[in-house]
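Trainee: I'd like to learn how to read a model like this one. Can we go through it feature by feature?

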Amino acid sequence: MEIDDSLSDSMDDFAENTQDLEIPEELPMMAVRDVVVFNYMILPLFVGRPASVAAVNEAMEGDKLLMLVTQKDPTSDDPKADEVYQVGMVSMIMRTLKLPDGRLKVLVQALSKAQITAYEQKEPSFRVKIELIEEVEAAEITVEVEALMRLVREQTEKIMSLRGIISSDLMTIVNNIDEPGRLADLVGSNLRLKIEESQKILEANDPVVRLRMVAEMLTKELEVATVQAKIQSDAKEEMGRNQREYYLREQIHALKKELGDEDGYSQEIDELRKKIKKKKMPKYAKKEARKELKRLDMMHPDGSEANIIRTYIEWIIDLPWKKSTNDHLDLVKAAEILDEDHYGLEKIKERILEFLAVRKLNKHSKGSILCFVGPPGVGKTSLGQAVARAMGRKFYRLSLGGMRDEAEIRGHRRTYIGAMPGRILQGLKNVKSNNPVFMMDEIDKIGNDYRGDPSSALLEVLDPEQNNKFSDHYMNMPFDLSKVMFITTANRNDTIPGPLMDRMEVIRLAGYTNEEKLIIARRYLLPRQIKENGIRPSKIKLDDKTLMIIIENFTHEAGVRNLERELGKICRKLARKLAEGGKGPYTISKNTLEKYLGPKKFLPDTELDTLMQPGLSVGLAWTEVGGVLLHIECAIVHGKGRLVLTGQLGDVMKESAQAALTYCRSRSHQLGVEDNYFDTIDIHIHVPAGAIPKDGPSAGITITTALYSAIVKKMVKKGICMTGEVTLRGRVLPIGGLKEKALAALRAGINRVIIPDENEKDLVEIPPEIRKQLTFYPVKHMDEVIELTLGTDYKRKKVKKKGNSVKEKKVK
């Protein structure tokens, strides 16, 4: 509440100067905004609107009288007749001053209350007819009126005191007014009221009614002023120098405390504010966090949106925007760690050391995305852990198998209930580092449906040129993934989308030989199972010969997962014996092995040779679990020229069988059969393990050899297997997965392998120790395969041979 000191000089003379003044019935009218003019007021006005300037000029040309009314909408620059109140004050212009910007500064003095009765002119300014409203005086000052006036004076004094306005002159003016209406106008004009409330006071003609209205307003204002003073008092004690923002915040906190809404919420806001200030993050992230915190501070703590914003702010704080671990770039130490954890895998270790070498020379290099492709159990995931340990980085593993929702990668938008960031940012939050080794397992098993394609979302993640500004839908701001070392794993690469495959460097893990498995079992698997089952190493004796029997006769895999499972079974049985009071040590030999593991699961190689007979050939195939042997059986019976294929063969394999039959029919002369021979027989080709689907072109020469063998009734040579695609003309085309197939042959004890001539260049991918144990026969034509497998005398009937026999080309 503010009272102008100029009233003290003019209040006493005001009534005397205006009593004899004659007010005309028609006056120029000016609308004012944000203020209601009361009796006895003297106030300055800044006039800038054209209509208002015209009204002032018209008044100055006459008797300086002007009708002032308040407009209902303060934002309107051109109020109409129905947009202003009809009751206002006839005022006299005491002084005018033209300002440099063209506006007028006018000092006016309110003379008498009046009401507009008609509008005589609306352009360029309003000119209205008015009717003066006589000021009603109280008939007598009753005890009630006196009490009401005293209450108004006391409350006015209290408000002035709370607001720090201490002036004896001001209070003298208030105390000397003994008319209720005049006191109400004076105090009401200085209260901070809404326009509607002030207008109601102005329009009330009864002075006692006006005074009562003012008393109610004063009571409300006094309560607000009291609380405000308390807030200022509480907040001032904790306010530091030049900390205005802090001071205002404490005022809000004190107000909430007064309302009973404190209960730790403010402390939580302060804690979040401190964390944001302390956290190292980009400017855009800090700006976003502060904006959301400001929104949170204005909300009720129990609101649903408050929980969403709180969670979002915590995610911004928890993400490792600029938190990295220091790389260990000692190549010798890194090589030692890789050798400690994994045996063999020299090519992969070499690639990892190359990455560290580049990183040592160029710390800002982006590097490439590695993709380990190989059968299960060869150590793809554990190799990623070893890479992280060698580099001194954190490790995080994410399984992509069966993932169908794009939001798993990019996150959900915050408009959804329960929205969260994607698995990428969740992983970085868990490891608390922005440069971990991030392994994505089973990238070849990603699905897609109506919810999106996760593999498309991974294009940005796994692209070194784009992932420095990876955008998660939940965070809605870029995050730098360029420091992360991504490693992906897959069992096969033909199911990985082409664009995604193009962003990765593929490193193949073909599998292990039996000798390598023996070393792995001795160094890693057996000690781990002994420790996990609580057995002391001295309580078990297992020699290398027995281990090799387990490898050859109880497991048949490219990796070592089943091998470790069999060793675990032995250790568990020994653990039970020891728990039941056995002393040990226990020796596991080939004679006692079946007591622990049961009968042999796979036939020895010598027994496999006894099964060979005409119409049976051994091929090599590539599967998700590595290379495997593929037995092709062919039987010929009397019939009508039908070809029967069984064993769940795929379309490609069926076409290979058709091509084999056509090739054999074209060789009727060399086979020594009649031209109508194939019309009198039925041919049945079967691939055992009928419950397992089979497909692929690499069994072409194997099927052709089996068919040849069945027709000529001659057995394929023992200890030989083959792989290659055949055409109708007998050409042998190249295949893939040669390394895995070579390992499968070695595991089966077969040391002679027929391969396409164009695959001879791929032999360098096979480790030298494996090549030494195998003999490879590169061939270009099916005739060469027949000579290698059936010999030169392979005809059903003796016919004259044309040309020279095929000379064997051996590659060791």
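Trainee: Which hand does the crossing of α20 and α21 have?

Mentor: A crossing is left-handed if the near helix is turned anticlockwise from the far one by less than a right angle, and right-handed if clockwise. The one between α20 and α21 is right-handed. Before we go on, this is a predicted model: local features need pLDDT of at least 70, side-chain atom pairs count only at pLDDT 80 or more, and totals for chains, interfaces and linings use all residues. Residues are numbered from 1 along each chain as its sequence is written, and side-chain values use heavy atoms, with hydrogens and water left out.

Trainee: At roughly what angle do the axes of α20 and α21 cross?

Mentor: Axes here are lines fitted to C-alpha atoms, for helices over the stretch in contact, with angles from 0 to 180 degrees between N-to-C directions. Helices (H or I, at least four residues) and strands (E, at least two) are DSSP runs, numbered from the N terminus. The axes of α20 and α21 (residues 561-579) come within 10 Å, crossing at roughly 125 degrees. So α20 is oblique to α21 (under 35 degrees counts as roughly parallel, over 145 as roughly antiparallel, 65 to 115 as roughly perpendicular, the rest as oblique). On the α20 side, L547, I550 and I551 make the contact (heavy atoms within 4.5 Å), while α21 brings L563, E566, L567 and I570. By class, that contact has 6 nonpolar, no polar and 1 charged residues (Ala, Val, Leu, Ile, Met, Phe, Trp, Tyr, Cys and Pro count as nonpolar, Asp, Glu, Lys and Arg as charged, the others, Gly among them, as polar).

Trainee: And how do α19 and α20 cross?

Mentor: α19 (residues 514-532) and α20 (residues 544-553) have axes that come within 10 Å and cross at roughly 120 degrees. That makes α19 oblique to α20, and their crossing is right-handed. N514, E515, K517, L518, A521 and R522 of α19 meet D544, L547, M548, I551 and E552 of α20. The class count there is 5 nonpolar, 1 polar and 5 charged residues.

Trainee: Which residues touch the most other members in the largest nonpolar core?

Mentor: In soluble globular proteins, nonpolar side chains tend to be buried together. A nonpolar core is a set of buried Ala, Val, Leu, Ile, Met, Phe, Trp, Tyr and Cys residues joined through side-chain atoms within 4.5 Å; buried means under 20% relative accessible area, exposed over 50%, partly exposed in between (1.4 Å probe, protein chains only). In the largest core, with 64 residues, F678 and I754 touch the most other members. Helix α26 (residues 700-712) gives the most to this core, 8 residues. Beyond four places in sequence, the residues F678 touches include L661, V673, I683 and I711. A second, separate core of 53 residues includes F355, L370, A390 and L526.

Trainee: How many residues of α29 are buried?

Mentor: Helix α29 (residues 782-790) is mostly covered, with 8 of its 9 residues buried. Among them are M782, V785, I786 and L788. Just after α29, G791 has a positive phi of about 90 degrees.

Trainee: Is S91 buried or exposed?

Mentor: S91, in strand β4 (residues 87-98), is buried, with a relative accessible area of 1%. Leaving out residues up to four places away, S91 touches V37, L66, V108 and L111, among others. Across the protein, buried residues make up 48% of the 812.
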